Amino acid sequence: MDLFLIIALLIIVSAIYSYINARFLKLPGTIGIVTLAILGSVLTLIIDSLNPNIAKHLTALAKNINFSTTVLNIMLGFLLFATAFNLDTRKLRKEMRPVLILSTLGVIISTTVFGALFYWITGLIAIKVPFIYCLLFGALVSPTDPVAVAAIIKGSKLPANLETIISGESLFNDGVGLVLFLLILEVAQSGVNNLDIGKAVFLFVQEVFGGVILGAVTGWLAFRLMKSINDFQTIVLVSLALVMLDSVLAAYFHLSIPLAVVTAGLFVGGRSINADRKERSHEALEKFWLLIDEILNAVLFVMIGLQMVNVPFISNYWITGGIAIIIILGARWMSIMLPLTFLRRSLHVNYSSINILTWAGLRGGISIALALALPASPYRHLILSGSYFIVIFSIIVQGLTLNKLINLSFNKN
């Protein structure tokens with residue numbers, strides 16, 4: 001299947017699902033599209049088992065998409081930049097301390113808690129998974145997905161400070177989670193005894209701080225270029241080039257692509273590029289990236305649904321998937337509660353917000369992309385199916401009930 005046919009089918013299917021949802025289901029965009037995509041994949045599997053010729057195009061589409069490469073190396077940069085560009089940086093600065101703590105310490109705590117609990121519980125039911133692979137599973141599902149989070153909370157009634165914390169955390173913990181995932185994967189492949197602690201620390205610093213520095217420098221240069229002209233077409237091209245340049249340079253120098261594009265997006269989006277009061281280039285650019293964000297969101301969640309065709313149906317996937325959902329919610333809760341308990345005087349978050357922060361921690365395409373990127377091992381299928389359970393539960397169940405939890409929490413207060 002050639003590239004144009006793949007893109008054409010993705011856009012066509014995305015348009016069909018979006019129309020059906022907008023016309024009939026009337027669910028929040030992300031939830032409706034994912035639900036329809038999953039139902040479409042189940043229907044495709046059923047039809048494929050009865051008559052392979054009828055469903056061959058959708059089956060081929062799902063199997064020909066390199067989901068990991070497409071999401072991590074192509075779509076992620078544009079999606080993160082769009083979200084960061086439209087984030088209110090003034091609000092973010094006020095909540096920067098809880099955002100940084102939850103996006104770093106929170107990810108580490110969640111990974112550790114999830115790995116330990118998953119190892120213990122699966123051991124009780126005679127499903128043997130090495131502890132290092134349990135940690136690896138925890139690392140790829142602990143970061144909240146900025147794409148899923150932004151799409152779900154967009155229409156919610158979250159208080160401004162909580163919305164900023166959730167959005168900011170999801171942007172930054174993505175890069176930290178990816179680095180942590182790569183470090184644990186290296187340990188899993190080479191063994192604990194062969195791990196070079198100094199090299200691991202250096203790689204972590206290089207990925208995280210190098211990505212931030214790259215994004216700040218390129219963001220500043222792009223901002224100066226865009227502010228010096230009034231031609232909107234050129235301004236758009238510069239912003240597109242900024243995302244691509246950061247992605248290419250970060251990949252070449254082994255820096256964090258997510259942190260680079262997020263930093264660049266925050267830098268450019270937080271400063272007006274309007275040359276004078278009559279010029280409205282910045283507002284137009286915001287609308288452009290909002291449109292890009294919504295289109296890519298629809299395509300991404302269609303891709304998530306289509307990947308169900310590739311999910312392995314191992315004998316105990318229902319059990320491990322259900323266990324993984326319960327554990328990740330508990331790990332998320334603890335990753336918020338522990339920092340809040342020890343740093344409650346300096347964090348601008350109260351205890352009544354913990355349940356909301358926990359339930360709003362949605363997972364999306366990044367977790368599935370990382371799971372699909374795992375090298376072959378006896379535990380790959382288990383981790384992949386478990387990741388899929390967590391993502392679908394978080395988007396559909398948590399997404400649909402988030403507003404009810406928010407209303408219930410604040411009506412009590």
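A126 counts as exposed, at 61% relative accessibility, where exposed means over 50% relative accessible area, buried under 20%, and partly exposed in between (1.4 Å probe, protein chains only). The model is predicted: local features need pLDDT of at least 70, side-chain atom pairs count only at pLDDT 80 or more, and totals for chains, interfaces and linings use all residues. Residues are numbered from 1 along each chain as its sequence is written, and side-chain values use heavy atoms, with hydrogens and water left out.

A126 sits in the loop between helix 6 (96–124) and helix 7 (131–141); helices are DSSP runs (H or I, at least four residues), numbered from the N terminus. Most residues other than glycine have a negative phi. A126 has a positive phi, as do K26 and H254, which follows helix 11.

| Residue | Phi | Location |
|---|---|---|
| H254 | near 60 degrees | after helix 11 |

K26 is likewise exposed, with a relative accessible area of 61%.

Helix 11 (residues 232–252) has 21 residues and reaches 30 Å from its first C-alpha to its last. This is close to the expected 30 Å, the expected span being 1.5 Å times one less than the number of residues. Its buried residues are I235, V236, V238, S239, L242, V243, D246, S247 and A250. They lie on the same side of helix 11 because they cover an arc of only 165 degrees around the axis, taken from the directions from the helix axis to the C-beta atoms. On the other side, Q233, V248 and Y252 are exposed. The cover over the buried residues of helix 11 includes helix 4 (67–85), helix 10 (197–227), helix 12 (257–269) and helix 13.

S281 belongs to helix 13 (residues 281–306) and is buried, with a relative accessible area of 1%. Beyond its neighbours within four places in sequence, S281 is in contact (heavy atoms within 4.5 Å) with N230, F232, I235, I273 and N274.

The largest nonpolar core has 134 residues; such a core is a set of buried Ala, Val, Leu, Ile, Met, Phe, Trp, Tyr and Cys residues joined through side-chain atoms within 4.5 Å. L10, F67, F114, F118, F137, L140 and I304 touch the most other members. Helix 9 gives the largest share of this core, 13 residues.

Terms used:
Helices (H or I, at least four residues) and strands (E, at least two) are DSSP runs, numbered from the N terminus.
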